[in-house]
Each structure stands twice: as structure tokens, then as C-alpha cells.
Amino acid sequence: MTFRSSVSLLCAGALAVALGLTSATLVAQPRSVPTPDWAQVEQETLRHFQAILRMDTANPPGNETQVVQYLADVLTKEGIAVQTFALEPNRANLVARVKGSGRRKPLLIMGHTDVVTVDAPKWTFPPFSATRDGGYVYGRGSLDDKPHVVAGDRKSTRLNSSHLG
């Protein structure tokens, strides 16, 4: 059994989220917003996606804290305040907030980083290798739900840097 995620679909999905939310904001409140360097956005998105896929967060036991720490570092470097909460030390949750102006309703972006266990010998590529091959990224979590986590991370940093809100 091999799970894979298309690099172009991941990047297109993250870009669609970024474009969709940015476009909606721009229509409602026109202002000059610099055009992103989409090649750089794609490269950053893929880098974060592969980094998170390489983290073994199979549940049980979970180990989501390693992803939470990674995302906390990324978001903090972008100037986004984060909080972490954990009932169990290795199963932390992260809350990040990009403060808006209050003129619009809030936007909630959610995702989970735990994945189901794997039978590694049945995989073409190691399940936590995030191997790129033939235009795909192979790895446990590449379809559920780590792409959404990365898209949320990238959207949050885009909103924060654009001051759209």
C-alpha cells in the first residue's frame, strides 16, 4: 500500500487557499498588495510539507508535539504568537492567532497531525521519508491531514505578512 500526494496538487491547493482568501479580502477592501513570488511560495510550502511528513506521528502513541514545536518555531519567526496545550507531553496542540482589525468575522483554520500506524514493508518508499518521485511526495499523512496543516501554516503567514484583515 502506497500513499502519495501530488506536489502540484499540494502546492496548487495551498495556493488556491492563499489566492481564494486573499482575493476575497481584496474584493471587499481594495488596496495595494504586493504580488507574491509564487515560485518561492511553492518552494517554502514543499519544504514545510516534507519536513512535517518526515515526523513520525503515528497514533498510538501520537508524538504530535514534534510537529507542534516545528510549527511554533516557523510561526514565531514570522511574528505570529502561538500557544501550546497538552494533556499528555507528547500529544501537544498548537493555537496561533493572526490578529485582524475586527472589521471581519474570524477565520478558523484547523488540522491534525497524528496519522494511523503503518506496515512499513508494504510501502514502496519508507512511510516517513517524504520521498519525491514522479511528481508526487510519498509519505504517511500526505493526504490526511498534513497538507491541510501546511496550507494553514502558509495561509497564516501570508495573512500576517500582508496585514489583510
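## Arg154 in helix H4

Arg154 sits in helix H4; helices here are DSSP runs of H or I with at least four residues, strands are E runs of at least two, and both are numbered from the N terminus. This is a predicted model, where local features need pLDDT of at least 70, side-chain atom pairs count only at pLDDT 80 or more, and totals for chains, interfaces and linings use all residues. Residues are numbered from 1 along each chain as its sequence is written, and side-chain values use heavy atoms, leaving out hydrogens and water.

With a relative accessible area of 10%, Arg154 is buried (under 20%; exposed is over 50%, partly exposed in between, using a 1.4 Å probe and protein chains only). Skip its neighbours within four places in sequence, and Arg154 is in contact (heavy atoms within 4.5 Å) with Glu44, Thr45, His48 and Val74.

## Helix H2

Thr45 and His48 are among the buried residues of H2, which also include Val41 and Gln50. H2 has 16 residues and reaches 22 Å from first C-alpha to last, close to the expected 22 Å (1.5 Å times one less than its number of residues).

## The largest nonpolar core

A nonpolar core is a set of buried Ala, Val, Leu, Ile, Met, Phe, Trp, Tyr and Cys residues joined through side-chain atoms within 4.5 Å. The largest one here has 11 residues, including Leu46, Phe49, Val67 and Val149. Helices H2, H3 and H4 each give two or more residues to this core, and H2 provides the largest share, with 4.
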